[in-house]
Amino acid sequence: MTFKILAIDGGGIRGLYPGHILQRIHEEFKINFSEYFDLIIGTSTGSIIAGSLAIDYPIEKVVLLYEVEGEKIFSKNNFNLGGIYQSKYSKKHLERVLNKVFGNKTLSDVKKNTRLVIPATDIANGQVFVFKSPYLKEFVRDRNTKIADAILSSCSAPTFFDPNKIENYLLADGGLWANNPTLVGLTEAIGKLKLDQDDIKILSIGTGLGKQYYSIDHALNKKWGFINGWERTKLIESILNLQSISTENIVKFLVKEDNYLRLNFISDRKLDLDNTKTLESLKTKADHTFTYESEKIRQFLEIS
């Protein structure tokens, strides 16, 4: 029996891209994601979508969330100086939005037909941290963790948002090690659920891959400090970008070609996590991807 995984990348406001693709899939193929997929995993902005699907929150409302709330979520802190002395954004509005969507639902409230996994980073102990719904009896740590808290932790990208504290853990963006969480989902299926690798199918949706993060022109004449050379948030965005690429390359070698479908787009320029002016463009790119890949998606999902 085939075990089906849905994996969604991190990428801030660019989460609109996978959100809109999934809306098109739902509309065209009548997919109920929590019933169809055996495991749903999402990092950072992808965790918002993954968590929503795992409790059957309508995907069209998730897309609307990006369009309506995006600008408020990425509303700059006063005197933040681009994230030098404090985080670029307050997480208060994001927290309000998440609490409105998920309320007091915990990871135990995930639909019984699927499993929810959300990567974060334990920055106090220098360790990876993975929230999991209690789909195995030994998974007791996160049983009572609110889904909104898990997502807020995974979304806490350094210099963009403050870390999130849950009990004795200080947590930040899962994208620092798993911006593309496909490999984490595959590891979970093989390592924890003891599944045969050839019985696993993965639909992986990115948030775009940018290019030209740094210019080679006059590079050796620059002062490569954190502020002036690496340009703070640009460094974080570059790291997340590279992590997604690395994971995709590894998964291609591990999973049979017919069992892995990656949907993404490439930009000639760098892609910001917080540029809400790109919303229309992101929806256009999502429509383009779905239009040109719809037959491949249909065959992959085995829709008659």
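1. A word on ground rules. This is a predicted model, in which local features need pLDDT of at least 70 and side-chain atom pairs count only at pLDDT 80 or more, while totals for chains, interfaces and linings use all residues. Residues are numbered from 1 along each chain as its sequence is written, and side-chain values use heavy atoms, with hydrogens and water left out.

2. Start with the nonpolar core, meaning a set of buried Ala, Val, Leu, Ile, Met, Phe, Trp, Tyr and Cys residues joined through side-chain atoms within 4.5 Å. "Buried" is under 20% relative accessible area, "exposed" is over 50%, and "partly exposed" is in between (1.4 Å probe, protein chains only). The largest core here has 67 residues, and L6, L22, I25, F131, L203 and L301 have the most contacts inside it. Helix 10 (residues 279–301) gives the most to this core, with seven residues. Helices are DSSP runs of H or I with at least four residues, numbered from the N terminus. There is also a second, separate core of 20 residues, including F3, F139, A178 and A189.

3. Which residues does F131 touch, leaving aside its neighbours within four places in sequence? Taking contact as heavy atoms within 4.5 Å, its partners include L107, L116, I118, R141, D142, A150 and S153. Two of these, R141 and D142, also meet each other in a salt bridge (2.7 Å, N to O). D142 is buried at 6%, whereas R141 is partly exposed at 40%.

4. Have a look at helix 6 (residues 147–154). Seven of its eight residues are buried, so this helix is largely enclosed by the rest of the structure. The buried ones are I147, A148, A150, I151, L152, S153 and S154. L152 is also a contact of L94, along with I48, I73 and C155. L94 sits in helix 5 (residues 92–102) and counts as buried because its relative accessibility is 4%.

5. On a 1 Å grid over the protein atoms alone, a cavity is a set of points where a 1.4 Å probe fits but cannot get out, and lining residues have an atom within 4 Å of a point. The whole structure has four cavities of 30 Å³ or more. The largest has a volume of about 220 Å³, and G12, I13, T45, F74 and F161 are the closest to its centre among 21 lining residues. Helix 4 gives the largest share of that lining, four residues. By class, the lining divides into 13 nonpolar, seven polar and one charged.

6. Last, the salt bridges (a side-chain nitrogen of Lys or Arg within 4 Å of a carboxyl oxygen of Asp or Glu). There are 15 in the structure. D287 pairs with R24, with the closest N and O atoms 2.7 Å apart; this joins helix 10 to helix 1 (residues 16–29) across 263 residues. R24 is buried at 18%, while D287 is partly exposed at 26%. Helix 10 also supplies K283, whose partner E67 is in helix 4, 216 residues apart. For K283 and E67 the closest N and O atoms are 3.0 Å apart.

Notes: Helix = DSSP H or I, 4+ residues; strand = E, 2+ residues; numbered from the N terminus. 1 Å grid on protein atoms, 1.4 Å probe; cavity = no way out; pocket = protein on both sides within 12 Å on 5 of 7 lines; lining within 4 Å. Points joined across faces, edges and corners; volume = space filled by probe spheres on them. Nonpolar A, V, L, I, M, F, W, Y, C, P; charged D, E, K, R; others polar.
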